[in-house]
Amino acid sequence: GIPGLVLAAGLSGHGFGIGPGVGHLVADMVLGRAPLTQTAQYRLARFGRSQWGQVSDF
């Protein structure tokens, strides 16, 4: 509920290395700019099904 606050989390131990790229990508998304990379591979729906079934089945 804080206007203008955007939180990008979940980088685990890799955050130090990939944090700058994630920050750039999130800034592009928030500002409505074309992202610096393709984002389809990061969609949440990718966890729904795989070639072996649903992730929740494992």
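This note sets out, in numbered points, the main features of the structure shown above.

1. Basis of the model. The structure is a predicted model, in which local features need pLDDT of at least 70 and side-chain atom pairs count only at pLDDT 80 or more, while totals for chains, interfaces and linings use all residues. Residues are numbered from 1 along each chain as its sequence is written, and side-chain values use heavy atoms, with hydrogens and water left out.

2. Overall composition. The chain has one helix and zero strands; helices (H or I, at least four residues) and strands (E, at least two) are DSSP runs, numbered from the N terminus. Of its 58 residues, 5% count as buried. Here buried means under 20% relative accessible area, exposed means over 50%, and partly exposed lies in between (1.4 Å probe, protein chains only). The accessible surface comes to about 5100 Å², and carbon and sulfur atoms account for 62% of that surface. Such areas come from the Shrake-Rupley method with a 1.4 Å probe, and for residues only the protein chains shown count as cover.

3. His-24 has its place in helix H1, which covers residues 15-31. His-24 counts as partly exposed because its relative accessibility is 40%. From His-24 to Thr-37 the separation is 13 residues in sequence and 10.0 Å in space, C-alpha to C-alpha. Val-22 also belongs to helix H1, and its relative accessibility of 21% makes Val-22 partly exposed.

4. The largest pocket. Its volume is about 430 Å³. It is lined by 14 residues, of which Val-22, Leu-25, Val-26, Met-29 and Tyr-42 are the closest to its centre. On a 1 Å grid over the protein atoms alone, a pocket is an open set of points where a 1.4 Å probe fits, with protein on both sides within 12 Å along at least five of seven lines; lining residues have an atom within 4 Å of a point. The lining divides into ten nonpolar, three polar and one charged residue.

5. The salt bridge. The count is one salt bridge, defined as a side-chain nitrogen of Lys or Arg within 4 Å of a carboxyl oxygen of Asp or Glu. It joins the side chains of Arg-33 and Asp-28 at 2.7 Å, N to O. Arg-33 is partly exposed, with a relative accessible area of 44%, whereas Asp-28 is buried at 3%.

6. A nonpolar surface patch. Val-6, Val-30 and Leu-31 make a patch of about 290 Å². Patches of this kind consist of residues with over 30% relative accessible area and no salt bridge, with nonpolar side chains (Val, Leu, Ile, Met, Phe, Trp, Tyr) joined within 5 Å. Leu-31 lies in helix H1 and is exposed, with a relative accessible area of 58%.

7. A backbone point. Ser-12 has a positive phi of about 55°, although Ser-12 is not a glycine. Ser-12 is found in the segment before H1 and counts as exposed at 70% relative accessibility.

Methods: Points joined across faces, edges and corners; volume = space filled by probe spheres on them. Nonpolar A, V, L, I, M, F, W, Y, C, P; charged D, E, K, R; others polar. Patch = residues over 30% accessible without salt bridge, like charges linked within 9 Å, V, L, I, M, F, W, Y side chains within 5 Å.
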